[in-house]
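Subject: Structure handover

Hello,

Here is the structure for your files. My notes on it follow below.

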Amino acid sequence: MFSRLLHIIISFFKYLLSLREVWRGFSFFFQSPRYGGFLPVLLFVLLLVSCAKMGQPDGGWFDETPPKILGQSPADRSTDVNSRKISILFDEFIKLDNPTEKVVVSPPQLEAPEIKTNGKRITVELQDSLKPNTTYTIDFSDAISDNNEGNPLGNYTYTFSTGDHIDTMEVAGYVLEAENLEPIKGILVGLYTNQSDTVFQKEPMLRVSRTDDRGHFIIKGVPQRDCRIYALQDADGNYRFSQQSEKLAFTPEIIMPSSKPDIRQDTIWQDSLRILDIKRSPYTHFLPDDVVLTAFNEVQTDRYFLKAERLKAENFTLFFSYGHKDLPIIKGLNFDATDAFVIEPSLNQDTITYWLRDSMLVNQDTLRMELSYEASDSLGKLQLMTDTMEVLSKEPYAKRVKKRQEAYDKWKKRQDKNKERGRDYETVFPVDPLDVRYKVNSQMAPDENPTFDLPSPIAVLDTSKIHLYEKIDTLWYRAKYQLGTDPSVSRRYKLIGAWKPGHEYSLELDSMAFTDIYGKVSNKYKQGISVKALEEYSTVIITVQGLDGRNCILQLLNEGDKPVKEVQVKDNLATIYYVKPGVYYMRLLVDDNDNGRWDTGLYSEQRQAEAVYYYPREIECKANWEVRETWRPRDIPLYQQKPGRITKQKPETERRNRGRNIQRAKSLGLDYNPKMGAK
């Protein structure tokens, strides 16, 4: 209080000093006998003005009180309600933040309700007919705040019933991505009292909520009856699983909502560092509050033709929504399709690339064809379909000829100039070589292997022109290798050698090692390879407990949540060799069908996606170091497992009172208590 008074006195005297020059300028006026009597009056007025203006006041204390509800119509928790219009009155002007996402009405409304704000009032008008003997909830979440300072009301839910009682139970939990345990924001979560396995596809949800940025949900107004719970990214707004493309989650477990009395501890902070008080408040604890749903997209099994694309003159690609064991049959309408293609299907045969063997077809801008293929009908059954189509080259033949001529003219001009100046010159226009993309690191780990990516199908692969040498002492010796294709990537070859830690190698390819179907040949290539010593790596040894008898894959992840190493767990033990020094994370995939990859679920067969677990802490690996950990994946709830550093869906800043009065009090040298004010 003394510092505040001192501040006022200093400001007053500064203001008086600023008036000194004004006083000197007009002193002659006050010295005259005629006006001298006005001097005391004027001094009094100046004193009042200075007291009113000194110190440039900042507007006083901020309003940090959230809006209060003065009344509702019908009243909150009313029964036997037959009105579809709800009005809520507040003590000050309010605003509603993003009502289409944050405000959830339950039971779900097939026609969106009208939600409006007008000054101090919110009105909600339901468009669907009211159901008899049903509890309705309008969950505003944290969308309501005052208009001036943005003080949030906090989570607010309005409830009424068309029957003679209110359902008061609540169910809460989390929805996560099944594949990587990412929290899912904004997905619908709903309950059914009907426990049939098919109700999710036939009827809209009974009670609904929506997840927040942490994937958390609370479903309110729940009857105290056995329920089943589902999550759905509802694409068509019918509150049921009706499209295979919709993301979903379900659990076979039956939920029985319940409650119990409990005590909550509320911490009241005096400022950002000091606790003023800790209050223990009784409340009703609703259960279950830790339901975890893992959501997935089913594999799109309906097969239909998507598009044809010819980005390069040499090939065209057919895209289907789903693969089939039998490739399409092509009948050429303006060309002979017999033995016309080198066919490259993708791994699951949903994308097929056709390379044109004949240069005459390459130069033909339009290919008309009849395409026969298996496609799903309206009932999802495969039927033979036939389409007639034209596939056009993105770059016409005339344009390609023009580019080649321009390149030739530029080359010819350069050679003529060299000839005139007596320099070396070429007489034959060079043919473009086969542009092989070599991925060969100069420094490799013992478990790495070089790869070669070819731009077009290969007609000749001459392994006699591919050489691998190993340096032993000071001499180079031939080293054995194997060369094979990578089935997951078209036209990728992998060279597998018996790499010895600490040794040097030389990979050399003669010209014409590769020749493609158009006669292009590869140039010479040479790359030295140094295989790092074992002392430069770390080894990670993980003992997995609690998943006995199940096939598991352990992945070592980088900070982008991408796998850098993966191994099979054998006899509850996973050992990862040749780990570069750094910080890593771990993910465990339960490979139930033992196919070496994660698989999604299928609702029609009540099959869940394969389980995924995250090690909750980071792993630091050092050179020449062995990391040993024991991991029990089921000991920690799924929603607490994924480390925040690699979680992409970050929680948003919680809407709360900004506490600006505390900062203002600090600037004035005062203490501030939200209840008692400044002192």
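Buried here means under 20% relative accessible area, exposed means over 50%, and partly exposed is anything in between, with a 1.4 Å probe and protein chains only. By that scale C621 is buried, at 3% relative accessibility, and C552 is buried too, at 2%.

Two remarks on provenance. This is a predicted model, in which local features need pLDDT of at least 70 and side-chain atom pairs count only at pLDDT 80 or more, while totals for chains, interfaces and linings use all residues. Residues are numbered from 1 along each chain as its sequence is written, and side-chain values use heavy atoms, leaving out hydrogens and water.

Overall figures

The chain has 679 residues, and 37% of them are buried. Of the contacts with a separation of 6 or more, 67% are between residues 24 or more positions apart, a contact being heavy atoms within 4.5 Å. The search of the whole structure for disulfides (cysteine sulfur pairs within 2.5 Å) found zero.

Strand pairing

Two strands pair if DSSP finds at least two bridges between them. Five strands make an open sheet of mixed pairing, in the order β27-β36-β34-β30-β31. Its edges are β27 (443-444) and β31 (475-478), each of which pairs on one side only. Strand β30 (residues 466-472) runs antiparallel to β31 over four bridges, and E470 has Y477 of β31 as its bridge partner.

Elsewhere, β6 (residues 121-125) pairs with β2 (residues 85-90), antiparallel over five bridges. Strand β5 (residues 114-118) also pairs with β6 in the antiparallel sense, over five bridges. R121 in β6 stands opposite L89 and opposite N118. The hairpin of β5 and β6 has two residues between the strands, and G119 in its turn has a positive phi of about 65°.

Backbone geometry

Most residues other than glycine have a negative phi, and most peptide bonds are trans. R77 has a positive phi of about 65° and is not a glycine. R77 sits in the loop between β1 and β2 and is partly exposed at 49% relative accessibility. P74 is in the loop between β1 (69-73) and β2, and a cis peptide bond with omega of about -10° joins S73 to P74.

A cis peptide bond also joins L287 and P288, with omega of about -5°; P288 lies in the loop between β17 and β18 (291-295). N572, a residue other than glycine, has a positive phi near 65°. N572 is in the loop between β39 (563-568) and β40 (573-579), partly exposed at 31%.

Surface

I278, in strand β17 (residues 275-287), is partly exposed at 44% relative accessibility. S378 is exposed, at 78%, in the loop between β24 (366-376) and β25 (382-392). S378 and D302 are 76 residues apart in sequence, with their C-alpha atoms 9.5 Å apart.

Regards
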